[in-house]
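This report covers a ligand site, some backbone geometry and the surroundings of selected residues. The sequence and structure come first.

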Amino acid sequence: MIEVTRRDALVGAAAMLLVDQAVGAVPPNASLQGIAAQKGLRFGSAVAWSQLGVGGGSPAEPAYARLVEAQCGIIVPENEMKWQWLRPTPTTFAFDRCDAIVAWAARHGLAVRGHNLLWHQPKWLPGWLNDYDFGARPQAEAERLLTTHIRTVVNRYGTRIGSYDVVNEAVRPEDGVLYTTSLSRAIGGAEPALDLAFRTARESAPQAQLVYNDYMSWEPGNGAHRAGVLKLLEGFKRRGVPVDALGIQSHLITQGTGVGGHVLRLQGEWRHFLDAVVAMGYRLLVTELDTRDNNLPADITIRDRAVADYTRGYLDVTLSYREVRNVLAWGLCDRYSWIEGFEPRPDGARRRPTLYDSRFHAKPMREAVAAALAGASER
Ligand code: G3I
């Protein structure tokens, strides 16, 4: 564990304040969407579906709904458009939860992103699809299943969804090689399967932004993942596949305190990666921002400060690319973050990875995001 003191935290806070003053003050009481809009950006968040009163980061929970309405210009269903949720069987679609989110967004004037049309990993596909009998003409049957799925979803929402994560996480982080799924095996390879997904999405939604979304990040250990994503994006260009943008998930992981040093160390390779992506003509989106408070003590003041400073450093570098037009958090409130369930802290302290605490109070990370948006150049 890296040694850190409250004094370090306060010095960090003071340093960030100086930065804020240098780039112009964040207007008091301004919403994140309001600050973003002044720069030609849009701010938003994932939301979940639940029954009224159950909570779970859903618009059915009044306090959460108010927060999203107040701060966001765009939302994305956290799970409800995934095959595992939408496709109980090979012949049926369960649209009720996704419909409810899209309808709620429309009532509140919020744009919607679609996540996702193909999560290219067996682990995240429905069991029936992993075990599917593709019959005597497996390629034709797999292509029928994939294209029917994409057309049905995209046609249902029409112009109400302006941007889709068409393919999610197709690259293995350890070696940069593409995953294999039952669909890609039957279609004759991962690349033809992914290409088909994008081509079908473009045919059905010519107006929508089509995104490849992945979690290659700037932390150490992501080199093979980033290289694999670059290779995939190059292949899309070479084959004329209609992919408009790279979705950078941005599930960040703090590296300890002394955040300024980490940012300086990490930004070189990150810029190298982003330079290569934009040189190919892709737009960029931050699609799933949250920050895991690793290598930090349980003390909340210290932890929140380091998370905020790290997030700010990351956003300053990433938003320096004018190709970024959207910043979406993966949930706004610590109480509902997926991280608590997937990777609890070893010391048992509750995770604090989002902009608002479990009582919906703004944390330093919220101010860091606000300052990064306010400090971004106009686009
Ligand atoms: O709703 C059921 C509940 O009824 C059941 O009792 C419980 C028991 O496990 O499971 C609940 O469903 C879980 C669901 O989250 C809601 O909490 C699923 O098991 C769990 O797999 C699901 O995890 C989601 C995960 O993707 C897998 O789909 C997370 O909420 C969601 O935040 C996460 O999001 C992903 C993005 O889609 C892609 N990028 C990474 C990101 C974080 O992992």
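N116 lies in strand β3; helices (H or I, at least four residues) and strands (E, at least two) are DSSP runs, numbered from the N terminus. The structure is a predicted model, in which local features need pLDDT of at least 70, side-chain atom pairs count only at pLDDT 80 or more, and totals for chains, interfaces and linings use all residues. Residues are numbered from 1 along each chain as its sequence is written, and side-chain values use heavy atoms, with hydrogens and water left out.

**Backbone geometry**

The peptide bond that leads from H115 to N116 is cis, and its omega is near -5°. Most peptide bonds are trans, and most residues other than glycine have a negative phi. S250, which is not a glycine, has a positive phi near 70°. S250 is placed in the loop between β6 (245-248) and β7 (251-253). F360 is not a glycine either, and its phi is positive at about 70°. The loop that holds F360 runs between α13 and α14 (364-375).

**Ligand site**

The shell around the ligand has 15 residues, of which E78, K82, H115, E169 and E288 come nearest; a residue is near a molecule or strand if one of its heavy atoms lies within 4 Å of it. By class, six residues of the shell are nonpolar, five are polar and four are charged. Here Ala, Val, Leu, Ile, Met, Phe, Trp, Tyr, Cys and Pro count as nonpolar, Asp, Glu, Lys and Arg as charged, and the others, Gly among them, as polar.

| Residue | Ligand atom | Distance |
|---|---|---|
| E78 | oxygen | 2.4 Å |
| E169 | nitrogen | 2.8 Å |
| Q249 | nitrogen | 3.0 Å |

Taken alone, the ligand exposes 780 Å², and the protein buries 56% of that. Accessible areas come from the Shrake-Rupley method with a 1.4 Å probe; for residues, only the protein chains shown count as cover. The space that the ligand takes is the largest pocket. On a 1 Å grid over the protein atoms alone, a pocket is an open set of points with protein on both sides within 12 Å along at least five of seven lines. A molecule sits in a pocket if more than half of its atoms lie within 2 Å of its grid points. The elements that give two or more residues to the shell around the ligand are β3 (111-119) and α13 (338-342).

**Burial and spatial neighbours**

Buried means under 20% relative accessible area, exposed over 50%, and partly exposed in between (1.4 Å probe, protein chains only). S250 counts as buried because its relative accessibility is 1%. F360 also counts as buried, at 19% relative accessibility.

H149 is in helix α7 (residues 138-157). With a relative accessible area of 0%, H149 is buried. Its side chain makes a polar contact with the side chain of W83 at 3.3 Å. A polar contact is a pair of N or O atoms within 3.5 Å; within protein, one must be able to donate a hydrogen and the other to accept it, and residues adjacent in sequence count only if both atoms are side-chain atoms.

P206 sits in the loop between α9 (190-204) and β5 (209-214). P206 is exposed because its relative accessible area is 58%.

D275 and Y321 are 46 residues apart in sequence, and their C-alpha atoms are 8.7 Å apart.

A103 belongs to helix α5 (residues 96-107). A103 is partly exposed, with a relative accessible area of 28%. The C-alpha atoms of A103 and I248 are separated by 26 Å, and the two residues are 145 residues apart along the chain.

Terms used. 1 Å grid on protein atoms, 1.4 Å probe; cavity = no way out; pocket = protein on both sides within 12 Å on 5 of 7 lines; lining within 4 Å.
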